[in-house]
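Take a moment to turn the model around on your screen. Let's walk through it together, going from the whole chain to a pair of residues.

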Amino acid sequence: MSLLLLELKSTCSIRRSPFASPDPPPTSYPASSSSAPAVDRRMSDQGKGSASSTAGVPAPGSDTYKGWLFKWTNYLKGYQRRWFVLSNGLLSYYRTQAEMAHTCRGTINLATAHIDTEDACNIVLSSGGRTYHLKASSEVERQRWVTALELAKAKAIRMMHDQSDDSGDEEPASQSDRSEIQGTLKTLASKLDDLSTCNDLIAKHGAALQRSLSELEGLRVPVEGGEKIKAVNERATLFRITSNAMINACRDFLDLAETHSRRWQRALQHEREQRSRLEETIEQLAKQHNTLERAWREGPPLTANTPAIAPAPAKGSERPQKGEASDEDEDTEYFDAMEDAPAFITVTATDHTQHKRSVSNLSGASGGHPSDWNHDDNVSPTCNDSSAGKELRRSRRSRIPDKPNYSLNLWSIMKNCIGKELSKIPMPVNFNEPLSMLQRLTEDLEYHELLDKAARCDSSLEQMCYVAAFSVSSYSTTVHRTAKPFNPLLGETYELDRLEEYGYRSLCEQVSHHPPAAAHHVQSLRGWSLWQEITISSKFRGKYLSIMPLGAIHLQFHASGNHYVWHKVTSTVHNIIVGKLWIDQSGDIDIVNHKTKETCQLKFSPYSYFSRDVPRKVTGMVMDTDSQAHYILSGTWDDKMESAKIVQSSRGNSGSEGKQKTVYQTLTPKLLWKKYPLPENAEQMYYFSSLALTLNEPEESMGPTDSRLRPDQRLMEAGRWDEANVEKQRLEEKQRAVRRRREAEANSALEEGREYEGYEPVWFKKRTDPATGEASFVYAGGYWEAKEKQDWSRCPQIF
């Protein structure tokens, strides 16, 4: 027996496997503390200490520290109370606790920050040219914050060093990890062979032991000795069975280790590839950021039609004095009273029930639940695809003659007007573009695909979103179009027949001269009709001109009978006297569905030099008959509009104004409309869009009063401005003569006591709308039939 044990000991002396359960690794703690629990308790105590002035207490063991501190802003406001959050080596601050979810006012990285204390309650943090002057409510509170900041700084520095140490040998580490796994598997296999050898030895010697015990049982021994030998034999059998089970378990373990090692290798390789791609993406973003920053610095100064925000402050010393603004966001903070803050906050829901806040002027968000509303890809809708249906389109022009380089001398114009009657002063075509107001009115149909898509919507609320996007899209062409269109002559018409290409045709007529009014009617084979009467009212206010379109726009869908009505907003032309002209849109659009009583409120924010919002911002909300919000709309009137479906609403915390804002949780925003890019060399063609370039293209069989046949406008488009001015004066004088004759007829009828009907439009009649109760000119019919027969006997000779 002793010989057997010696043999087993010499054969089975196996070293500990790397996969054996090692002793637990010692826990490493920062040098500044004796143990991690103590640090956790200290952080927790700090959070509780600041709880007298805070609403949030850090959880035990967390690295987050929150509380109120006073921050120096400027000499006008002095110290202001701000909510500070210390987390992951970053110190961030907010005006209120509610702002933590959507707006951070500033952040300092403590890894590179310098922490200083001026007096019993003050703390000074400086990093990379940015300095925070902070004040605690008491010396004890200040000491708690300093301790938390020092601990966070030490941890951030240690993490930064660890990352820099690991970042240098990515590829060698990959090879060493692979070889280590292979070596471990080989070691396990060799140990399994050793165990198999031991098992064979155990089986051989166990069989010999059982034979010896059997021989002993055959001998004549006392009864007590026989029972002992029998018990030893049973134990030897159990030992052999147990050793076989151990060998089988070890073999299963090796198979499992081999399987999982292959999975680990694949997972590790995938993570390395993902990290490599992420590093490349970050590097590209950094390069693009540097390029944009360099281009911004080297670019020319912004002119009046692209208004600039307040200039960025120059770089100063690393620790500016208190008299200076602490950081750049405080410069804009001085103008808070001038902003019109949104009445609500939107929250985009993500897949993990966490929330990602977005300010109401943002047009994009990430993450969201797929649904019937945002199931489509968040790209430009197919209705905005300018190549759709190309096989049905006829070839139309894509260029017009370049705009001549004529200088506009206001003094020469005023000098020529001395001594003349004010009504006879001719305005030269230098102020105009080669399109009439009727053609500009037709330009509203550039994004008619939105109405085609709205006609296919089953939900009236979703349909309202497309109608709202359509109402905004009509302003996209005005951002660069500072020239005025030609004033139409009384009785002038304009047709746009796109029946074969897009399924609609449009007709406009100038129905009144004083005041100037135009009627417009559009009929589509794709399930909708649009009509409007627009009267322009303008006021010159010294530095700018306000243009206020009066009249309602009606849109009706044939299948559902939904009847939408809205009015246009005010357009403002700035720098009338001095500077470069630029146009802004401001005001509210209220869209009402008169069938369902659902509404949409759109707000066009006026441009402000002191606003943080993006220029030309438009926000809105779609509500049902009970004024319950269902969709949030956001975007800009010169670029795009998006909508986000509301899934939940709640009352948020009170804002800085003391008003309680509503928080809307929404799905991922969906792109409704995106502006088409301007044609190449558009700046030499009056900034016309692709549609505008075709509006004055001659057509066959059009009416004799069509704007395309207007001679002064045609001459101006050809670049013959001097001849256009002469022709324009002739047409205006002819119109005045017709008006004088009509006035004489009215006076003669009045003297004779008979009724004088006055001027009546040819294709439109005045009627009262049953939905709104307002009287307006609507299409009476007959134009397209007259065009088919080429019977224009009803048309006056205006040219």
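Of the 799 residues in the chain, 41% are buried. Keep in mind as you look that this is a predicted model. The chain is built with 15 helices and 28 strands, and its accessible surface comes to about 44,000 Å². Carbon and sulfur atoms account for 53% of that surface. Among contacts with a separation of 6 or more, 58% are between residues 24 or more positions apart.

Now let's zoom in on Leu435. You will find Leu435 in strand β10, which covers residues 432–436. Is Leu435 buried or exposed? Its relative accessible area is 0%, so it counts as buried, since the cut-off for buried is under 20%. Beyond its neighbours within four places in sequence, Leu435 is in contact with several residues, including Glu443, Arg481, Phe486, Phe688 and Asn696.

Asn696 sits in the loop between α12 (690–695) and α13 (711–717). With a relative accessibility of 1%, Asn696 is buried because that value falls under 20%. Which side chain does the side chain of Asn696 make a polar contact with? The partner is the side chain of Gln439, at 3.1 Å. Leaving aside neighbours within four places in sequence, the contacts of Asn696 also include Arg397, Pro434, Ser707 and Glu717.

Terms used: Residues are numbered from 1 along each chain as its sequence is written. This is a predicted model: local features need pLDDT of at least 70, side-chain atom pairs count only at pLDDT 80 or more; totals for chains, interfaces and linings use all residues. Side-chain values use heavy atoms; hydrogens and water are left out. Helices (H or I, at least four residues) and strands (E, at least two) are DSSP runs, numbered from the N terminus. Buried means under 20% relative accessible area, exposed over 50%, partly exposed in between (1.4 Å probe, protein chains only). Contact means heavy atoms within 4.5 Å. A polar contact is a pair of N or O atoms within 3.5 Å; within protein, one must be able to donate a hydrogen and the other to accept it, and residues adjacent in sequence count only if both atoms are side-chain atoms. Accessible areas come from the Shrake-Rupley method with a 1.4 Å probe; for residues, only the protein chains shown count as cover.
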